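Okay, thanks for coming, everyone. Let me put the structure up, and then I'll walk you through a few contacts.

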Amino acid sequence: MRAYDLTMGLVPAAVAVLLTSGWVQAQSKTADAEAVAADFAKCEQAAVEKVEDKMEAAVERLEAAAAGMERARPVDALVIRARIRSQCLIPFAKILRQGALVGEANELLAKALAREPQHLMARFMLGMNHYRTPEFLGRTDAAVQELERVLEFHGERIEPVVASTYLYLGELYVRQGREALAEQTWRRGAELFPTHPGLREKVSGPEHGDDPKVVAQPNRPVPPTPRDHDARPQPAVYALEPILVEAGTYSVDDPRAATRLSKLEVYTMPGGTADIFQTLQTLPGVTRVGDGGDLYVRGGDPAETPIYVDGARLFHPGRFETLNGSIFGVLDPSVLRTAYFSSGGFSARYGNALSGIVALETERRPTTFRWRAGANLVSVGGTVWQPLGDRAGMWSTTMLTHTRPLLELHDRTDDYPESPTSGQLMVGAALEPVYGLELRVGALGVSDRTTALISSTGYRGAFRSESGTRLGTAEVRVSSSDGRMAARLTLASSTRDTRFRFGVLERGHEDSHLGARLDGEFEHSHVVLRGGLEGARLASLTDGAVPASENVAPGSPVVRLDRNRRSSEHLGGYTEIEWRASRGLALLGGVRLDQLPGEVDKQIDPRIAAAYSAGAWTLRVGGGRFSQGRWRTRYALPDRGSPAGVPLGAYHLVAGIQREGAPALRAEAYTKRYEDYVQEDRVGTDAPVATVGRAAGLDVLIRPQVLGP
């Protein structure tokens with residue numbers, strides 16, 4: 001592989017495009033267009049001559065030019081800074097640092113496109129960054145989608161950038177095995193740009209020589225521009241790069257601090273075992289408790305941090321569950337597109353949650369066939385991505401897990417008389433009949449069993465569990481061509497059944513959930529309006545026997561459960577407004593109204609957040625009220641030693657500062673107050689009910705970002 005060829009710079013033809021584009025000629029009056037073009041040319045020359053001082057001098061002038069246009073043309077300033085990383089810094093960076101620079105460039109371009117989705121140069125550069133990514137990293141589809149967007153918005157403009165878009169998009173189609181569409185794209189480009197040497201070469205045949213007019217001959221009709229039915233881009237609501245790594249590097253565009261992880265981080269995180277939830281445990285704000293994969297966020301119980309998959313709430317995300325939580329997660333990271341984690345002060349979009357949010361999105365429509373097979377110390381599996389024509393596609397992944405080798409490695413076989421095993425299958429399919437409309441369905445099935453020797457309430461014995469998780473989702477997404485309006489309807493059904501055996505405990509439990517939610521967004525000028533509604537029906541069935549006291553040893557008293565049934569509903573809605581008051585200041589306010597599961601009274605939760613950015617530094621503050629119903633699915637043994645009760649409400653206050661660049665710094669102080677405790681539905685304990693709880697702390701993350709030898 002080339003020395004981390006993630007945009008080592010655009011190919012010479014594309015560099016020429018960047019230096020001569022009409023966009024450069026339209027720069028702010030504070031930055032002379034010719035001077036900007038000349039400085040980028042000096043960067044390229046410095047790379048050829050390997051003279052770093054010349055590059056640094058050009059970068060200093062370009063940064064000054066970008067600073068001069070920040071107020072009048074903030075989007076163009078972001079694009080210049082992205083170009084600095086791609087064209088000037090990467091040729092002189094160490095190999096692994098080059099990857100970080102590309103990530104920074106993509107982040108800047110994503111910010112630019114979030115403000116101006118039709119920005120020609122930002123969209124073109126983002127597509128070319130993906131184009132130059134090694135194929136094994138799977139960015140071909142993203143490159144196609146971005147360059148298709150360029151033609152969707154600008155396909156008829158006679159500009160060099162558009163000509164190069166036709167050229168490279170055709171090459172991407174060839175990479176995907178879509179040769180007919182590639183030829184059609186090149187011919188359309190050659191009609192618009194008959195003197196472009198790259199397009200002339202693509203359409204010229206032995207019988208026509210180099211005559212660029214061949215595409216206009218009557219017997220060789222020119223197909224229409226590949227738009228809508230032939231080259232449908234992804235909806236504008238997904239302008240943000242899906243595998244963008246933002247751990248510790250957050251933008252002022254989102255006043256709420258959060259973390260987005262890439263697949264590569266999940267696979268390579270030390271101690272993460274290629275598991276998304278084990279990886280999330282390494283982030284600031286999460287406390288690791290034992291060997292499990294449950295998320296204890298800033299003092300909160302795992303039940304206070306719900307997990308969403310494609311907009312659907314997942315009952316329990318783990319496998320190999322014991323009384324102390326689950327060991328591994330149920331999701332294969334190979335089909336995860338984004339992983340969004342917030343440890344507090346999250347958006348009003350999310351209700352029935354007290355501590356944090358994990359929102360996972362799976363792969364979208366594949367446009368090229370590929371497959372993956374993998375094995376590690378505990379599992380073996382594979383994934384297939386299969387296009388179904390030009391408008392649809394599907395993927396499927398399966399994984400079988402047997403933990404014996406891992407237990408042998410850590411000398412833990414005595415703790416597990418029977419090695420935990422599991423199997424899972426996950427599938428997804430998507431259809432895009434027209435641009436701006438996407439239909440998706442997905443399904444997940446997991447089963448597992450484990451036997452472990454544990455000690456609890458004075459008894460040591462074998463804990464046996466069997467469980468199964470099933471999730472089905474269907475969603476419809478629509479968006480306008482300019483990306484300023486979008487809506488998403490999600491329908492979901494999930495079930496989970498478990499059976500525990502430990503001493504006198506023999507509990508079978510089934511949970512079911514049927515829900516729907518509708519989210520919408522509208523952007524106008526510097527204001528973004530969001531809103532949504534959701535509803536869910538929850539039910540549970542419990543049978544077997546549970547301890548009547550804290551004793552679980554054989555012979556202890558029990559309470560027989562005769563298929564106890566319960567049900568409840570959750571109805572909620574929210575509205576939120578975000579105002580970008582100035583270039584560096586963003587303000588956000590929202591409110592939720594919920595009828596929570598298991599509760600009678602309605603809850604109103606106001607939430608606010610603000611962020612101010614100055615140069616590389618961003619200050620944030622946010623907070624509000626967060627509510628959750630008493631409905632729980634997890635079982636806990638009776639214990640008089642710990643206070644009983646379930647909190648229904650919590651107040652968050654979060655303030656932080658972060659620095660982008662190298663080193664990246666994020667420091668965040670928080671305080672959380674729990675209140676409105678109610679008696680939990682737990683047999684065999686008369687422990688006092690808590691009345692108030694507090695959690696406070698400081699999270700600090702420092703990431704040098706200077707990698708390589």
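So, Glu475 and Arg488: their side chains meet in a salt bridge, 3.0 Å from N to O. By salt bridge I mean a side-chain nitrogen of Lys or Arg within 4 Å of a carboxyl oxygen of Asp or Glu. The pair links distant parts of the chain, with Glu475 in strand E15 and Arg488 in strand E16, 13 residues apart. Helices (H or I, at least four residues) and strands (E, at least two) are DSSP runs, numbered from the N terminus.

Quick caveat: this is a predicted model, so local features need pLDDT of at least 70, side-chain atom pairs count only at pLDDT 80 or more, and totals for chains, interfaces and linings use all residues. Residues are numbered from 1 along each chain as its sequence is written, and side-chain values use heavy atoms, with hydrogens and water left out.

Are these two buried or exposed? Glu475 is buried at 6% relative accessible area, and Arg488 is buried too, at 10%. The cut-offs: buried is under 20% relative accessible area, exposed is over 50%, and partly exposed is in between (1.4 Å probe, protein chains only).

Glu475 also has a salt bridge to Arg440, at 3.3 Å, N to O. Arg440 sits in strand E14 (residues 437–456) and Glu475 in strand E15, so this pair ties together parts that are 35 residues apart in sequence. Arg440 is buried as well. Zoom out, and you get a salt-bridge network of Asp310, Glu361, Arg364, Glu438, Arg440, Glu475, Arg477 and Arg488. The structure holds 48 salt bridges.

Here's another one, within a helix. Glu191 and Arg188 meet at 2.2 Å, N to O, and both lie in helix H10 (residues 179–192), three residues apart, about one turn of the helix. Glu191 is partly exposed at 34% relative accessibility, while Arg188 is buried at 12%.

Now the cysteines. How many disulfides does a search of the whole structure find? One, counting a pair of cysteine sulfur atoms within 2.5 Å as a disulfide. The partners are Cys43 and Cys88, with sulfurs 2.1 Å apart. Cys43 is in helix H3 (residues 33–49) and Cys88 in helix H5 (residues 74–89), so the link ties together parts 45 residues apart in sequence. The link is right-handed, with 95 degrees about the S-S bond, and both cysteines are buried.

Last stop, back on strand E16: that's where Leu489 sits, partly exposed at 35% relative accessible area. That's me done, questions welcome.
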